[in-house]
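Please look over the protein chain shown below, and keep it in view while reading the briefing that follows.

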Amino acid sequence: MRALPLAATALAAAFLLTACSDDGGDGGGKDTGTGTSAKAGAPCAIGEMGVRVGPANAAPAAGDTGNVPVTITNKTGVKCTLDGMPGVELSAGGTAATVAPDPAAEAQKTTLAKGASISFTLTYVRGETGGQGSLAATSAKFSLPGAPDTHDFTWSYGDVALKKDGKTPDATVSGFQESSD
């Protein structure tokens with residue numbers, strides 16, 4: 001006769017666990033604009049992050065190196081994941097050029113809790129204004145690994161030197177680094 005109360009307890013526990021699941025429903029996540037709700041461990045989405053570009057250590061003259069830090073902060077109540085490297089693209093008019101990852105940087109998987117911040121740095125060599133070996137960048141955008149959306153920002157740090165191939169910017173992007181912001 002004891003089997004009936006145990007079965008009822010097990011059934012009640014199963015219902016409680018199902019009700020607490022975050023696989024759908026309103027688990028407190030924010031709609032990313034793709035029709036899906038944010039889930040713990042899902043890739044971090046730009047639309048759910050606070051973004052701060054700079055302050056930059058801009059290169060003052062052609063041949064000098066400058067750095068532009070980018071800090072992102074998780075504004076959702078759900079942990080998200082960054083698994084890989086940020087993607088960065090510089091644009092000048094109709095020309096877009098992808099910035100390569102820093103060869104010393106290693107892609108890694110990081111979980112970003114609510115309110116936590118992480119940053120990466122775009123390092124570039126300043127080109128001669130209007131020179132053939134320069135990209136007269138006016139805008140830039142970046143994406144987070146595993147997420148399709150981008151964040152656009154104005155590039156106000158001068159022309160970017162091009163490598164010997166005349167197409168690739170003399171610039172790199174670091175991996176993600178913990179931030180105190």
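The structure holds one disulfide, a term used for a pair of cysteine sulfur atoms within 2.5 Å. This disulfide joins Cys44 to Cys80, with an S to S distance of 2.0 Å. The model is a predicted one, in which local features need pLDDT of at least 70 and side-chain atom pairs count only at pLDDT 80 or more, while totals for chains, interfaces and linings use all residues. Residues are numbered from 1 along each chain as its sequence is written, and side-chain values use heavy atoms, with hydrogens and water left out.

**The disulfide in its setting**

- The link of Cys44 and Cys80 is right-handed, with 90° about the S-S bond.
- Cys44 lies in the loop between strand 1 (42-43) and strand 2 (49-53), whereas Cys80 lies in strand 4, so the pair ties together parts that are 36 residues apart in sequence; helices (H or I, at least four residues) and strands (E, at least two) are DSSP runs, numbered from the N terminus.
- Cys44 counts as buried because its relative accessibility is 0%, and Cys80 counts as buried at 6%; buried means under 20% relative accessible area, exposed means over 50%, and partly exposed lies in between, with a 1.4 Å probe and protein chains only.

**The chain as a whole**

- The protein chain has one helix and 14 strands, and 35% of its 181 residues count as buried.
- The protein chain exposes about 10200 Å², of which carbon and sulfur atoms supply 53%; accessible areas come from the Shrake-Rupley method with a 1.4 Å probe, and for residues only the protein chains shown count as cover.
- Of the contacts between residues at least 6 apart in sequence, 73% join residues that are at least 24 apart, where contact means heavy atoms within 4.5 Å.

**The largest nonpolar core**

- A nonpolar core is a set of buried Ala, Val, Leu, Ile, Met, Phe, Trp, Tyr and Cys residues joined through side-chain atoms within 4.5 Å; the largest one has 32 residues, of which Leu90, Phe142, Leu144 and Trp155 touch the most other members.
- The elements that give two or more residues to this core are strand 3, strand 4, strand 5, strand 6 (95-101), strand 8, strand 10 and strand 13 (171-173), and strand 8 gives the most, with four residues.
- Leaving aside neighbours within four places in sequence, the residues in contact with Trp155 include Val68, Leu90, Leu122, Tyr124 and Val160.

- Side chains of opposite charge can pair when their charged atoms come close.
- A salt bridge is a side-chain nitrogen of Lys or Arg within 4 Å of a carboxyl oxygen of Asp or Glu, and by this rule the count comes to one.
- Lys141 forms a salt bridge with Glu89, and the closest N and O atoms of the two are 3.6 Å apart.
- Lys141 lies in strand 10 (residues 139-143) and Glu89 in strand 5, so this pair ties together parts that are 52 residues apart in sequence.
- Lys141 counts as partly exposed because its relative accessibility is 30%, and Glu89 also counts as partly exposed, at 22%.
- Strand 5 (residues 87-92) also holds Ser91, which counts as buried at 17% relative accessibility.
- Not counting residues up to four places away in sequence, Ser91 touches Ala96, Ala136, Ala137, Thr138 and Ser139.

**Residues in loops**

- Thr76 lies in the loop between strand 3 (65-74) and strand 4 (80-84), and Thr76 counts as buried because its relative accessibility is 7%.
- The side chains of Thr76 and Asn74 are joined by a polar contact of 2.7 Å, and the side chain of Thr76 also reaches the backbone oxygen of Val78 at 2.9 Å.
- A polar contact is a pair of N or O atoms within 3.5 Å; within protein, one must be able to donate a hydrogen and the other to accept it, and residues adjacent in sequence count only if both atoms are side-chain atoms.
- Gly127 has its place in the loop between strand 8 (117-125) and strand 9 (134-135), and Gly127 is buried, with a relative accessible area of 6%.
- The C-alpha atoms of Gly127 and Val160 are separated by 4.6 Å, although these residues are 33 residues apart along the chain.
- Pro55 is found in the loop between strand 2 and strand 3, and the peptide bond from Gly54 to Pro55 is cis, with omega near 0°.
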